[in-house]
Amino acid sequence: MTAKAGGSRSQRTPAKISFAYWTLQLVCWGLYFYAQSSGEVIFAGVPWSKAAVMWGGVCVAGIGLTQTLRWVARRQAWLELPPLALLRRVLLGLLLISTTSYLIAITLSSTLYGTPVVPILGTFYRKLYFSGQLRNQFISGFLIYTMWVAIYFGIAIQRRRHSVELRQAQLAEALQAAELRLLKTQLNPHFLFNALNGVRALIAGDPGKAQDAVTRLARTLRYTLAAGEENLVTMARELEMVDDYLALEQLRLAERLKVVRDIAPAALTVRIPVMLMQTLVENAIKHGISPLKQGGTLRIAAHVTAAELVVEIVNPCPESPAMEPGSENVGLKNLSERLRLLFGPAARLHLDLSGPGQAIAEVRLPA
């Protein structure tokens with residue numbers, strides 16, 4: 001089974017947005033082409049053929065330049081930058097595309113009319129010196145691109161703000177639902193029953209160990225019930241809870257449960273979704289080690305590579321696990337959805353059951 005932190009529910013939205021974007025691009029640049037070329041024919045008296053080539057070239061260049069700016073902004077995630085950094089990049093991009101368009105207009109006008117000043121602007125600014133006409137030609141083009149940039153980034157910023165608010169609302173809803181299901185799906189009644197029985201068995205024979213078990217159980221319950229109050233915790237904090245959980249499970253499984261840890265120091269400070277490690281470990285014990293008569297070794301590994309945290313849980317499992325229909329990996333499906341809401345496509349969860357008698361759960365998320 002592969003569960004990725006992404007969904008298909010948003011696949012239609014980008015297509016609609018792209019269609020709207022290109023519709024506006026073509027309509028607006030088409031209107032600008034008609035206004036400029038017809039104005040040049042009417043006010044400057046040039047042939048339609050030359051005016052069409054002149055302003056057709058300018059508009060095609062405009063579409064290409066604005067699309068390039070849009071591509072760079074999306075590729076480099078400008079909208080995720082602080083406002084001042086975003087403003088600097090937008091102004092620099094605006095200056096670059098305006099200057100490029102200005103040079104293209106000069107080249108086309110020089111080729112078609114023998115003068116760098118396009119005829120329509122030369123007619124309107126005929127009382128200015130040549131340098132003034134060139135300056136005003138640049139300013140008029142700059143204003144056109146300023147309008148495009150202001151409209152595009154204004155809409156994009158509003159859309160991103162709405163998207164963030166929607167994601168936060170979805171996350172709050174998912175966490176609320178997860179909190180109500182925690183004792184059922186993550187800390188199930190069987191675990192509580194077995195843990196309490198283990199504590200009861202220790203009271204007479206080993207009161208000190210029984211007291212320690214009660215303390216661990218209380219910490220585990222407190223952590224579980226408080227999990228809905230925060231989205232992310234450090235790996236070190238999550239592993240403290242996992243240690244308590246494993247100690248309680250060993251009351252039941254005794255020598256059948258062995259644990260091997262391989263946690264890199266750099267991984268301990270990475271913030272991860274609350275209950276991530278507990279969900280993975282509980283799934284490995286419940287569906288893997290517990291059904292085996294001989295038990296097995298649970299391996300917990302975590303390391304950071306290329307700005308990415310990689311968590312790996314390896315455990316033996318029955319080759320033909322007997323589960324109630326629809327009950328398998330409920331916790332993992334829930335975890336995959338929370339990863340999607342917290343990190344989007346930057347995080348993913350994969351459960352590999354291809355090896356004989358072995359399960360490997362791997363989580364990758366930004367470090």
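Select C59: is it buried or exposed? C59 counts as buried, because its relative accessibility is 5% (buried means under 20% relative accessible area, exposed over 50%, partly exposed in between, with a 1.4 Å probe and protein chains only). Before going on, note that this is a predicted model, where local features need pLDDT of at least 70, side-chain atom pairs count only at pLDDT 80 or more, and totals for chains, interfaces and linings use all residues. Residues are numbered from 1 along each chain as its sequence is written, and side-chain values use heavy atoms, leaving out hydrogens and water.

Now pick C28, which is partly exposed with a relative accessible area of 46%.

Next, colour by secondary structure: the protein chain has 10 helices and 8 strands (DSSP runs numbered from the N terminus, H or I of at least four residues for helices, E of at least two for strands).

Zoom to α8, residues 235-253. With 19 residues at 1.5 Å a residue, helix α8 should span 27 Å, and its end C-alpha atoms are 25 Å apart, which agrees (the expected span is 1.5 Å times one less than the number of residues). Show side chains for its buried residues, including M235, L239, Y245 and L253. Just after α8, stop at A254, which takes a positive phi of about 50°.

Finally, zoom out. Of the 367 residues in the protein chain, 40% are buried.
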